[in-house]
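Subject: Structure for you to look through

Dear colleague,

I am handing over a structure that I would like you to open and read alongside this message. Please take your time with it before going on to the notes.

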Amino acid sequence: MERLVIFCLLSQLQTNQCIAEPQFKLALHAQAKPTDDLIVGSILTTSGLASAFTSITQITTPPPTFYPFNYENLNDQHASCFDLVIIEGFFQMITPFIHEVRRNCPDSVVIFWSLDPDFVSKKTLVSFDFDGIMTNSHELLEYVLQFVDGSAAEYLPLAADTNLFKMKKNEEEEEEEEEEEEMEKEEAASAEAEAEEKRDIVFVGSGGAILANSKVHLAPILRAVAKCVEEFFPKLRLVVYGKAWDNIPEFKPYYRGVLKDGLLAEVYQNAFAVVGVTMDGQREAGMINNRVYEVLATGTPFISDHFPALEAMFGGIISYIDLQTPKSIEKDVFASIKSIHNYSKSDRYQLGQISSNLVQGNHNYEKRMDAFLKMHTEIRKSGDYSRHAKLKLGVLLPSEVASRSLTSDSTIAPMLKTLQYAYSVTYKSLVECELDLKWFYDFDLVLVAGDFGSDVDEFVRLNRNEWPRKWTTNKQLPQMRMLLQSGPIDDNNNVTKEMLETYDVVYHTNNYDGVKLEEFCQKLDCRTHLQKSYGVDVVGALAEIGEREMNEFIADNQIGSVAFEKIEVWDGWVVETLSRNVLLEFGSGELWKLMLILARAKEVVLKTRRVEEVWVANVVNFMEEIFTTKMVGWGGQERAQEQLEEHHLQDHLQDHLQDGKITYGVEEYGRSFTLGVTKALCLGRAKYTKVNIRLSSDKITLGKAVHVWVETGGFLVGRDGMWCLYANEKQVQCIHFAGISLGVTFVSENVATVKLRVELLGNVYQDAVKGSEARDEITVGVEEGEERSCVAEEKDEAGWIDSTWVIPLTVRI
């Protein structure tokens, strides 16, 4: 069915006959959340793709678009099982997001559209877990093709949403002229009259590019435009839209504020000309940005910095600026404005038609969406999980396990095999690790397959300080470390805070051990994540045993049929009564036999004097979950009781057999394992984090701005989550990016103190980061002062307010 759906999608553009099946689900991810008062290029791109998808498929419901810290319904397996996920541009929590996409739907195809070379290096880019990469840089494509085959990497330039960005119709201009005549205005027939009608030379973009030095030619170009207009074309004017321009005094006279969403196309249509300046890194990589396509689609003359890729695509329909020297910039700016000023009305309209038709016909989002769908089809045809750079998982094995192969006596290997879509697994023996202490450097995740106190646990704790934590992997992640506790936990284990906090996640196999570990964590104030994870490879084990032995256990091939009247479990012995009187002893590697029997019995009776073997604890866990009967006599000191206890677990069997699969198989084991990884990736690592509120003053003066910033250790704001400031328990602001602080002006009446509190929230699901050290609070005295707001002109001795990295706020308390 899915291939038919894709065929329909791809043929729709040519035939208009096929309507895509609604089963196909697309999701998009933009770099920032849209707001009513701010235009974001990434939103223009994803909105264009969404519109194109609904147009092609005739699906009326637009696909969902996710943004950093905005992932509603992402953890809903049914709502978020997407066939295709398109990620537009890098964001810091990209690996946790992709992990959650694949955890919910392993067959999702994830394609990244790389449109900026500066956020991450090329090496980092190819290390991310993408199925395919699109890029608008031939240079970057050449590099990527060294690591992936041609069907998973393509050149794909940006585009314009041609439903929004289009040229005004000639009839509309004629109507405008008639209205002007009626109003007794001079007919705009000459070039000078045309210049009066459209007099704005527009630049749209952030002044932060000047402050951050990411567009070194922006200031000289705007300076040249302003000078040219003032000296030679006084009826024209430079107009600048965007953020942070009020922090740049030189260009403040030309600043007209931030354009609201939906007004950009109109501003371009009504402009005399639009100036475009490409980010330095994008220009060097040959990347053409949104603005070029959008301006040309409206037919408005475009003046831009020159680079070969831009001229190769658009030729002479753009007026270029030579960036070699300040004089060349002034010369080309003057020549461009003069040439446009001298256009006749008909020349301007004809040239506008040429540029608009070029974009409308070749650079629309329907064509871009078509390219994504074709790549999706090719990737799905391959069915090869090795195509993408999965999370690297190193499994550290105890000596006794490493000495033999991981076959049916271990559930780890078959469980991880079911997760090949997400993890690339390497098994390491303790001997190997002792010979090479740098073995772990290549891994995003390390799983210690041994209990607390085992040789591998002691080895890891001994060497943990040698392991880097902040930028361990190419994916820009700290390495996540996990331990699989398969043995029972009780008060005699002597588990310490140091032992627990060596790991991001501790897996346990049953509810009893989970309760004990949680008690330890509360008592010791440790912040390690706990996750129950257990399963048995029944199918794999059956494939290795002979027909005779299989027949001994299975009387009927139909899953869920009753093969046994009664099963008694006696301390590692299983007795089947009232039928065949089979007496069997199970070792720790043969749990699948017991599971097979228990799932086919009318009655199960557990008899025990003591519990010693690890597998017995797991059996108890299995029986607890399957039969929904609380078993007594299995906790605390009662584990060592001498008297014989009998526990009857009556017919709760059939309800727990799902789709022919026995509960707690390797698939269920794998799902719970990935949930543990989710906790490490998405819910923060508070045990490495200390949070401190810092103020520029020891008191708050009402009406006067106070600088508030937060110091976090081991928690990278943006990648790991965000920090939120509260004043008297009222949320003030949440900060999503590193290096951003707040300039807060408090306004109040009759308040003597203000309690400031800050807490950390995780990245994807925004849960409070676990651990008492992941928050801080202080109480500050308040004194009277004159009411005034925090503005850019105000400066303290450090000049902190006059900064693009400080957000000014006024808070009433």
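This is a predicted model: local features need pLDDT of at least 70, side-chain atom pairs count only at pLDDT 80 or more; totals for chains, interfaces and linings use all residues.

I begin with the helices. Two packed helices are described by the angle between their axes and the distance between the axes. Helix α3, which covers residues 94-104, packs with helix α27, residues 666-682, at an angle of about 160 degrees, and their axes are 10 Å apart. Because angles over 145 degrees count as roughly antiparallel, α3 is roughly antiparallel to α27. The crossing in which α3 passes α27 is left-handed. On the α3 side, the residues in contact are P96, H99, E100 and R103, and in α27 they meet T674, L675, V677, T678, L681 and C682. Sorted by class, this contact of α3 with α27 has five nonpolar, three polar and two charged residues.

Turning to the aromatic rings, the count comes to 20 aromatic pairs. One of them is formed by W113 and F372, which are edge-to-face, with 5.3 Å from centre to centre and 75 degrees between the planes. W113 lies in strand β4 (residues 109-114) and F372 in helix α16 (residues 365-382), so this pair ties together parts that are 259 residues apart in sequence. Both W113 and F372 are buried.

Conventions. Residues are numbered from 1 along each chain as its sequence is written. Side-chain values use heavy atoms; hydrogens and water are left out. Axes are lines fitted to C-alpha atoms, for helices over the stretch in contact, and angles run from 0 to 180 degrees between N-to-C directions. Helices (H or I, at least four residues) and strands (E, at least two) are DSSP runs, numbered from the N terminus. Angles under 35 degrees count as roughly parallel, over 145 as roughly antiparallel, 65 to 115 as roughly perpendicular and the rest as oblique. A crossing is left-handed if the near helix is turned anticlockwise from the far one by less than a right angle, and right-handed if clockwise. Contact means heavy atoms within 4.5 Å. Ala, Val, Leu, Ile, Met, Phe, Trp, Tyr, Cys and Pro count as nonpolar, Asp, Glu, Lys and Arg as charged, and the others, Gly among them, as polar. Rings of Phe, Tyr and Trp (its six-membered ring) pair if their centres lie within 6.5 Å; planes under 30 degrees apart count as stacked, over 60 as edge-to-face and the rest as tilted. Buried means under 20% relative accessible area, exposed over 50%, partly exposed in between (1.4 Å probe, protein chains only).
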